[in-house]
Amino acid sequence: MVKQRVAQLEYSEFQSAMLDEAKRRRKAAKIIAVLEHFHGPLGGLTVGDVGCSAGFIADELAQAGAKHTLGIDIDVPGLRKAADRFGERVAFVCGDGTALPFPDGSIDVLVFNHIYEHVVDPDAVVAEMRRVLSDDGVLYLGLGNRLGVMEPHYKLPFLSYLPPALADRYVRAFGRADHYYERFRTRRGLRRMLRAFHVWDYTLPVLATPTRFAGGELFPGVVGKVVSTVLSRMPREVLRLLLPVVPTYLWVATKTPRRPAGARLPQPPERVRPL
């Protein structure tokens, strides 16, 4: 019998990565760099981080100039930690992503970073984010790929490829967890999930020019410089062949057609074809 998925409460209590402040702030720097390339500065905007947990990314968004910053999660212990530290800059809200407590069109920028695989109904969350996003608003998405070889949470190869029952046995066999909760989608499945949006893919731009997007930790050292140089010069047709197995996609989505506002890049962002 398949175990029914329920909301992951108190997520930060059993995933220590959510409390790794340095790592979360590095992720925030990359998110902000992508948003500013696509949209421009965040100054004067209302920005929300859906799935904010302990609030490090929300705090960075506030410090990047957002007029109002919201952190939304069902992780009560994480929200308490966040409010204690960053409550003067960020308004933290305990709320379900399928019923965001905001009026239609009230938020300029939303961040949904590595969250969809954890929620029970990601399609409902995406629809709700679209509702609260302003007509010219921007949604940043960090999306894990089911066909990425190394599963990011438990560091087990091909874990996300497996059906749920086998995945449960796999994590138990290696002592990582009692149950594999996460549900990833392929690139095609993610395109279907975002079909109501206009989507731009920033995955290859960030990989090819990591320093431009505060992603220097992706390819550190001399080897990293060589890799990023090769990627920046590689024909786009060749790079597209890698997209189905890239572990993480970095997408920017809008309700109405828009184009990136930033300078041209060696590997520019491309439109994601809707399904």
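A charge is said to sit over a ring if NZ of Lys or CZ of Arg is within 6 Å of the ring centre and within 35 degrees of the ring normal. In this predicted model, local features need pLDDT of at least 70 and side-chain atom pairs count only at pLDDT 80 or more, while totals for chains, interfaces and linings use all residues. Residues are numbered from 1 along each chain as its sequence is written, and side-chain values use heavy atoms, leaving out hydrogens and water.

With that rule in hand, the charged end of Arg 212 is found over the ring of Phe 213, 5.1 Å from its centre. Arg 130 likewise lies over the face of Phe 197, at 5.8 Å from the ring centre.

Rings also meet rings. Rings of Phe, Tyr and Trp (its six-membered ring) pair if their centres lie within 6.5 Å, with planes under 30 degrees apart called stacked, over 60 edge-to-face and the rest tilted. Seven aromatic pairs are counted by this rule. Among them is the edge-to-face pair of Tyr 170 and Phe 174, at 5.5 Å centre to centre and 75 degrees between the planes. Tyr 170 is buried, at 18% relative accessible area (buried means under 20%, exposed over 50%, partly exposed in between, with a 1.4 Å probe and protein chains only).

The strands come next (strands are DSSP runs of E, at least two residues, and helices runs of H or I, at least four, numbered from the N terminus). An open sheet of mixed pairing holds eight strands in the order β3-β2-β1-β4-β5-β7-β6-β8; two strands pair if DSSP finds at least two bridges between them. At its edges are β3 (91-94) and β8 (270-272), each pairing on one side only. Strand β2 (residues 68-73) runs parallel to β3 over four bridges, and Asp 73 has Cys 94 of β3 as its bridge partner.

A last stop is Asn 145, in the loop between β5 (133-144) and α6 (164-173). Asn 145 is buried, with a relative accessible area of 3%. Its side chain makes polar contacts (pairs of N or O atoms within 3.5 Å; within protein, one must be able to donate a hydrogen and the other to accept it, and residues adjacent in sequence count only if both atoms are side-chain atoms). The side chain of Asn 145 reaches the backbone oxygen of Val 246 at 2.9 Å, and one of its polar atoms lies 3.0 Å from the backbone nitrogen of Leu 147.
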